[in-house]
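Please open the model in a viewer and keep the selection panel at hand. The stops below are given in the order in which they may be selected.

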Amino acid sequence: MKTRTTVPHLRRLKQRGDRIVMLTCYDYATALLIDGAGVDVVLVGDSVGTTVLGHETTIPVTMDDMVRHTRAVRRGLTRPLLVADLPFLSYQVGPEDALRNAGRLVQEGGAEAVKLEGGLAVVPAVERIVAAGIPVMGHLGLTPQSVHAFGGYRVQGRDEASLERLLADAAALAEAGVFALVLELVHAETARQVTAAAPVPTIGIGSGPHCDGQVQVVHDILGLFPGQAFRHAARYAEVGELIQGCVTRYAADVRSGRFPAAPHSVGMDEAAAEAQPPGSAK
Ligand code: KIV
């Protein structure tokens, strides 16, 4: 029987030098598939805003969005650690607010940990949530909830000053009690130094090979958006094209009358029902 991933287990993976596998997920069907595929951590990211809800950024995502999607993913998972993102303005207003919202993701959504973006400025929120017994994952580098302040989705940690800032932020977050740190679009050498200095695992996205683990957005690795390719994203399939092809064939079969054939039609002849009808995937 497969064992569940826990926060202490992730620390042991870093100590042993074993890489951590993390992937986003937003719905029940995908969670069932991911559950059987050997992923350590599943993140219900606020990237749900851009991947599922059709927003341009993650900023419009609400607590209710996060709770609903976390609950759906929870129902499909048995083994990976389930982490849910605290969305924009759910933790920046004050530590009490942060705790209340983190509590919703755990209590209503079924998450086992929460993630929030930022460095020194979010330390009081991290401390408050951790003190209540909820594990917190940090997120440094390109933090998409601050996209307007960054002026776009740009690589971070290129110069000495931002390396020093990242090292200080990572140390402050570790001291505040985070159990892991996402490093997004951080220059690879900077990510290496942060990883070497951090007592907790770093999980990179677009931050090179030296992090303790990697995270990807599930829509990116599946190729769900035809024509949209990010440099930092691995693309293992073209599922978007596959889906569009299936729907195109289905539409043609309905219009031509090929679907429904006898096997799809209650009360039609049994022998005909054994023939391979259109829409038989196997
Ligand atoms: O929201 C998200 O998907 C994330 C990952 C990119 C780390 O924060």
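Begin by selecting P260, which is found in the loop between α11 (239–256) and α12 (270–273). Helices here are DSSP runs of H or I with at least four residues, strands are runs of E with at least two, and both are numbered from the N terminus. The peptide bond that leads from F259 to P260 is cis, with omega near 0°.

The model is a predicted one, in which local features need pLDDT of at least 70 and side-chain atom pairs count only at pLDDT 80 or more, while totals for chains, interfaces and linings use all residues. Residues are numbered from 1 along each chain as its sequence is written, and side-chain values use heavy atoms, with hydrogens and water left out.

Next, select L89, in the loop between β3 (81–85) and α5. L89 has a positive phi of about 70° although it is not a glycine. Most residues other than glycine have a negative phi, and most peptide bonds are trans.

**Helices α4 and α5**

Select α4 (residues 63–76) together with α5; their axes come within 9 Å and cross at roughly 25°. Axes are lines fitted to C-alpha atoms, for helices over the stretch in contact, and angles run from 0 to 180 degrees between N-to-C directions. The two helices α4 and α5 are therefore roughly parallel to each other (angles under 35 degrees count as roughly parallel, over 145 as roughly antiparallel, 65 to 115 as roughly perpendicular and the rest as oblique). To see the contact (heavy atoms within 4.5 Å), display M63, D64, M66, V67 and T70 of α4 with N101, R104 and L105 of α5. By class, the residues of this contact of α4 with α5 divide into 4 nonpolar, 2 polar and 2 charged. Ala, Val, Leu, Ile, Met, Phe, Trp, Tyr, Cys and Pro count as nonpolar, Asp, Glu, Lys and Arg as charged, and the others, Gly among them, as polar.

**Helices α5 and α6**

The residues of the contact of α5 with α6 comprise 7 nonpolar, no polar and 2 charged.

**Helices α8 and α9**

Now select α8 (residues 160–176) and α9 (residues 188–197), whose axes come within 10 Å and cross at roughly 30°. That makes α8 roughly parallel to α9. L163, L166, L167 and A170 in α8 meet T190, Q193, V194 and A197 in α9. The contact of α8 with α9 contains 6 nonpolar, 2 polar and no charged residues.

**The largest pocket**

Finally, which residues lie nearest the centre of the largest pocket? Select S47, T50, P144, E184 and V217, which lie nearest its centre among the 28 residues that line the largest pocket. The elements that give two or more residues to the lining of the largest pocket are β1 (20–24), α3 (48–51) and β6 (180–184). By class, this lining has 12 nonpolar, 9 polar and 7 charged residues. A pocket is an open set of points on a 1 Å grid over the protein atoms alone, where a 1.4 Å probe fits, with protein on both sides within 12 Å along at least five of seven lines; lining residues have an atom within 4 Å of a point.
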